[in-house]
Amino acid sequence: AWANYMFAKEDLPDEVAYEVTRAFWDNFNDAKKLNEGVMFTAKETFDMLISQPGPTPIHPGALKYFKEKGILK
């Protein structure tokens with residue numbers, strides 16, 4: 001698997017970043033039905049990467065979602 005990142009402009013409104021993050025992760029199980037192997041690998045990779053954030057900070061909108069879901073503190 002390859003690590004992938006979504007990038008956003010710094011001035012992207014928090015609510016937009018939140019909704020994009022929410023839309024992806026709240027529908028993750030539906031996407032997994034399309035290709036379980038790929039989505040399993042994506043989830044494993046995400047779990048590894050979220051514990052070791054990449055070269056840029058997590059957008060405040062996405063961070064809000066991850067905190068609400070208990071993914072990050």
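Guide: A salt bridge is a side-chain nitrogen of Lys or Arg within 4 Å of a carboxyl oxygen of Asp or Glu. This is a predicted model, in which local features need pLDDT of at least 70 and side-chain atom pairs count only at pLDDT 80 or more, while totals for chains, interfaces and linings use all residues. Residues are numbered from 1 along each chain as its sequence is written, and side-chain values use heavy atoms, with hydrogens and water left out.

Visitor: What makes E19, R22, D26 and K69 a network?

Guide: These four residues are linked by salt bridges. E19 pairs with R22, R22 pairs with D26, and D26 pairs with K69. The structure holds three salt bridges.

Visitor: Why is the pair of E19 and R22 called a salt bridge?

Guide: The closest N and O atoms of E19 and R22 are 2.8 Å apart, and the criterion is within 4 Å. Both residues lie in helix α1, three residues apart, about one turn of the helix; helices here are DSSP runs (H or I, at least four residues), numbered from the N terminus.

Visitor: How do you know that R22 and D26 are about one helical turn apart?

Guide: R22 and D26 are four residues apart in helix α1, and therefore about one helical turn separates them. Their closest N and O atoms are 3.7 Å apart.

Visitor: What does the salt bridge of K69 and D26 link?

Guide: The N to O distance of this salt bridge is 3.9 Å. The pair links distant parts of the chain, with K69 in the segment after α4 and D26 in helix α1, 43 residues apart.

Visitor: Why does D26 count as partly exposed?

Guide: Buried means under 20% relative accessible area, exposed over 50%, and partly exposed in between (1.4 Å probe, protein chains only). D26 has 37% relative accessibility, so it counts as partly exposed. R22, at 28%, is partly exposed, as is K69, at 49%.

Visitor: Which residues of α1 and α4 make the contact?

Guide: Among them are Y18, R22 and W25 of α1 and K64, Y65 and F66 of α4, where contact means heavy atoms within 4.5 Å.

Technical notes:
Helix = DSSP H or I, 4+ residues; strand = E, 2+ residues; numbered from the N terminus.
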